[in-house]
Amino acid sequence: MDVIKVSDPADPRLADYTRLRDVNLRRHLEAEHGLFMAEGDKVIRRAAAAGFEPRSFLLTERRAEALDDVVAASSAPLYVVGEDTAEKLVGFDLHRGALAAFHRRALPPLDDVLAGARTIVVLEDLVDHTNVGAIFRSAAGLGVDAIVLAPRCADPLYRRAVKVSMGAVFTLPHTRLDDWYGGLDTLRAAGFHLMALTPGEGSLPLRDAMAALAPGDRVGLLLGTEGDGLSSRWLERATARVHIPMADRDVDSLNVTAAAAIACYELTRATG
């Protein structure tokens, strides 16, 4: 195990961990170097258990031994830094005291993700990393088989999404559509009934729509952007439009993460 103590936040060996809250910088840096960040020992362990290869580990002095077994199983270096050095480096108080950089893997082909899936969640252009991470956590926890992302969706391996998902992004099969315009036609051709979650006029109560499914039907839940919901194109290409009934007439819908959790529950309940 290669333990390296570092006191200078500008040390080039720590470049992977620079300014973790700067989304634009991180997007460029992580894409260029093919890496992602895991924060906290639980999430780091889950990334390693899922087979992702570490690039390096960064622990504060008080947490220097927290990942001894994980670090010992890897050839990646362990950098140990003081609290002040860590805060100057990453841009916030690293209260969990543990970060790791991992190598990314290429996303699997859509056909591979769909092959064993009966239930999927399909996200159109959600740009908030917290929301994407929360939806992954709900989908994984409630038994959805896979997630499919539109081309402009936020990166599920961005640090905040990884953290909020509690590592569900490592284990729940997912990939991106190459084609936003015709992507839903591909899913329909694979046999999926696509239910677009929308409070708009003409939508059916979600549970009623689920009850009409035949045994063995493949189902996809479509969820749209945080503000405007699903695009008109995707609403047109859906098999059905569905909503979660609200008890208060002044509240027409829930935020996308709450709606996703309820919809995933109804989906897996209906499909067994």
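**Note on the charged side chains**

1. This structure holds 16 salt bridges, a salt bridge being a side-chain nitrogen of Lys or Arg within 4 Å of a carboxyl oxygen of Asp or Glu. Keep in mind that this is a predicted model, where local features need pLDDT of at least 70, side-chain atom pairs count only at pLDDT 80 or more, and totals for chains, interfaces and linings use all residues. Residues are numbered from 1 along each chain as its sequence is written, and side-chain values use heavy atoms, with hydrogens and water left out.

2. Take a look at E83 and R62, whose side chains meet in a salt bridge (2.7 Å, N to O). E83 sits in helix α4 (residues 83-90) and R62 in the loop between β3 (54-60) and α3 (68-72), so the pair ties together parts that are 21 residues apart in sequence. Helices here are DSSP runs of H or I with at least four residues, and strands are runs of E with at least two, numbered from the N terminus.

3. Buried or partly exposed: which is E83? E83 is partly exposed, with a relative accessible area of 32%. For these words, buried means under 20% relative accessible area, exposed over 50%, and partly exposed in between (1.4 Å probe, protein chains only).

4. Next comes D185. Its side chain meets that of R233 in a salt bridge (3.7 Å, N to O), linking helix α9 (residues 183-189) with helix α11 (residues 232-237), 48 residues apart. R233 is buried at 16% relative accessible area.

5. D185 also forms a salt bridge with R237, the closest N and O atoms being 2.7 Å apart. R237 is partly exposed, at 26%.
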